[in-house]
Amino acid sequence: MSKINPSLDPEKFRDSLGTVSAEGKRNWIYPKKVSGKFYQWRTYLSWVLLAILFIGPFIIVDGRPYMLFNIFERKFIIFGAAFWPQDTHILIFLLLIFFVFIILFTAVFGRIFCGWACPQTLFMEMVFRKIEYLIEGDANQQRKLNEMPWNGEKIWKKGLKMSIFTLISLVIAHLVMAYLIGIDQVKEIVSQPPSEHMAGFIGLMAFTGVFLFVFSWFREQACIVVCPYGRLQGVLLDANSINVTYDHVRGEPRGMIRKNKVEEQPKGDCIDCGLCVQVCPTGIDIRNGVQMECVNCTACIDVCDEVMVKVERPKGLIRYASDNSVIEKTQKLITPRVLGYVAVLVVLIGAFITLLATREDLHATVTRFRGMTYQEREGGQVSNLYEVTFINKTFKDQVVEIQTEDNDFLVEVIGDQNWHLGGQAKFEGRFFLVKDQQKINRNQEDVVLLLLQNGEVIDRIETSFVAPVR
């Protein structure tokens with residue numbers, strides 16, 4: 001963790017949360033409206049990220065979604081590549097790559113993702129908070145409105161805000177469902193009565209309720225209480241990690257700056273105005289050092305820079321910096337720990353690419369039919385019944401066939417003799433393996449089945465054949 005400002009009691013701010021009062025009740029945070037270059041950059045970036053997020057489900061490539069996370073059917077499409085449950089090992093590598101990248105990024109740049117790209121922050125600060133400012137006003141006006149008795153003004157403003165919040169939550173719920181089941185399914189649910197798609201309708205309402213609860217009441221608690229990322233900072237950050245940091249070397253001791261007056265004791269640049277606390281969406285004092293609750297939103301940087309301009313002091317009292325750059329005036333990004341993370345990341349990426357390149361386009365699973373052993377036939381033959389499950393991982397139609405490597409066995413397909421698989425389809429079939437009784441020498445023997453795709457052998461599948469020995 002960051003080194004704490006030595007001029008402060010290191011235990012004082014750790015004894016309580018900024019969102020919990022001394023009585024143990026919820027201390028509602030009213031962050032002051034902020035402006036500045038970082039806020040403007042975050043606003044522009046949020047427009048881009050939200051546009052990508054909302055456009056995502058509508059991107060269709062060759063008749064299929066570009067991104068799909070169908071946990072119900074255990075089917076995922078990531079950047080146009082489809083993954084099935086049989087590809088779990090590949091998805092595990094993909095998740096490991098993601099987590100190691102987050103660890104590496106955090107070790108170098110701190111929690112910058114939370115303030116600039118996290119969906120929770122994007123929607124809360126760049127959508128819902130802006131609407132709240134527009135309807136209820138700045139922090140003091142919001143506090144005054146909440147404390148006043150219910151009258152026409154309060155009912156109108158609260159009702160209007162909650163109506164808009166509900167509408168936006170409904171839109172976000174449809175967006176999430178589109179990523180989970182596909183935009184076509186969502187259109188079908190929306191265009192038909194709820195009774196036709198009750199499960200989908202209940203899902204939409206549930207998601208709407210969750211998002212409305214999070215963005216209208218739970219708010220910063222999602223980052224402080226629920227999200228584990230902040231708690232991981234203690235092991236991910238070090239003195240060289242870049243964070244939103246208060247320069248206590250330059251800022252202390254704090255105190256009002258009086259122009260044209262000789263101070264008995266030299267004071268630092270911090271005038272102790274408290275604005276950095278007033279604009280913080282999680283209610284912390286950044287001057288206490290890097291804390292779990294800090295989401296690196298840069299609001300304190302913008303407001304402090306405005307104050308520094310007014311008191312004719314250099315900007316950057318609060319800035320993106322590491323502890324070492326503040327205390328020792330040096331900045332070192334490439335450390336042995338960072339190089340170790342990079343090495344692990346390179347190995348994982350290499351393994352992922354190898355697995356992806358060698359992945360089978362067609363997967364088949366053969367099992368003997370449950371509850372049955374063998375069947376004796378007329379003419380001195382014995383048969384075993386099998387189930388086969390095909391999964392076509394490609395987006396093209398495939399014709400599949402199963403043959404035996406041993407010519408003593410005969411394959412008899414039950415039902416349709418032509419096994420035709422559509423793109424991204426799953427198919428289940430049954431077949432018999434038949435063998436003459438005279439050629440059976442063991443009660444159980446291994447059999448090798450050849451899987452043919454469009455007439456070409458692509459896999460060898462091992463199974464067993466059970467029969468009585470006469």
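Buried means under 20% relative accessible area, exposed means over 50%, and partly exposed lies in between, with a 1.4 Å probe and protein chains only. Helices (H or I, at least four residues) and strands (E, at least two) are DSSP runs, numbered from the N terminus. The structure is a predicted model, in which local features need pLDDT of at least 70 and side-chain atom pairs count only at pLDDT 80 or more, while totals for chains, interfaces and linings use all residues. Residues are numbered from 1 along each chain as its sequence is written, and side-chain values use heavy atoms, with hydrogens and water left out.

**View 1. Strand E15 and its two partner strands.** Strand E15 (residues 444–453) is mostly covered, since eight of its 10 residues are buried. Two strands are said to pair if DSSP finds at least two bridges between them. Strand E11 (residues 398–404) pairs with E15 in the antiparallel sense over five bridges, and Thr404 has Leu449 of E15 as its bridge partner. E15 also pairs with strand E16 (residues 456–466), again in the antiparallel sense, over 10 bridges, and here the bridge partner of Val447 is Thr463 in E16. E15 and E16 form a hairpin with two residues between them, and Asn454 in the turn has a positive phi of about 55°.

**View 2. The open sheet E3-E4-E5.** This open sheet of three strands has the order E3-E4-E5, with antiparallel pairing. Strand E3 (67–70) and strand E5 (81–83) stand at the edges and have a single partner strand each, so one side of each is left without a neighbour in the sheet. From one strand to the next, the twist averages 20°. E3 and strand E4 (residues 75–78) pair in the antiparallel sense over four bridges, and Met67 stands opposite Ile78 in E4. In the loop between E4 and E5 lies Phe79, which has a positive phi near 55° although this residue is not glycine. Phe79 is exposed, with a relative accessible area of 59%.

**View 3. Helices H1 and H4 in contact.** Two packed helices are described by the angle between their axes and the distance between the axes. The axes are lines fitted to C-alpha atoms, for helices over the stretch in contact, and angles run from 0 to 180 degrees between N-to-C directions. Helix H1 (residues 37–55) and helix H4 (residues 119–136) pack at an angle of about 105°, with their axes 10 Å apart. H1 and H4 are therefore roughly perpendicular to each other, given that angles under 35 degrees count as roughly parallel, over 145 as roughly antiparallel, 65 to 115 as roughly perpendicular and the rest as oblique. The contact (heavy atoms within 4.5 Å) includes Tyr39, Arg42 and Leu53 of H1 and, among others, Phe123, Glu125 and Lys130 of H4.

**View 4. Aromatic rings.** The structure holds 23 aromatic pairs, where rings of Phe, Tyr and Trp (its six-membered ring) pair if their centres lie within 6.5 Å, and planes under 30 degrees apart count as stacked, over 60 as edge-to-face and the rest as tilted. The rings of Phe38 and Trp41 have centres 5.5 Å apart and planes at 75°, so the pair is edge-to-face. Both residues lie in helix H1, three residues apart, which is about one turn of the helix. Phe38 counts as buried at 13% relative accessibility, whereas Trp41 is partly exposed with a relative accessible area of 46%. Elsewhere, ring pairs link Phe54, Phe123, Phe128, Phe165, Phe207, Phe211 and Phe215 into a cluster.

**View 5. Lys158 in helix H6.** Lys158 is found in helix H6 (residues 152–181) and counts as buried, at 14% relative accessibility. Leaving aside its neighbours within four places in sequence, Lys158 is in contact with Glu136, Leu145, Asn146 and Trp150. Lys158 and Leu145 are 13 residues apart along the chain, and their C-alpha atoms are separated by 9.2 Å.

View 6. Most residues other than glycine have a negative phi, and most peptide bonds are trans. Arg219, in the loop between H8 and helix H9 (221–226), has a positive phi near 50°. Arg219 is buried, with a relative accessible area of 2%. A cis peptide bond with omega of about -5° joins Glu252 and Pro253, and Pro253 is found in the loop between helix H11 (248–251) and helix H12 (275–278).
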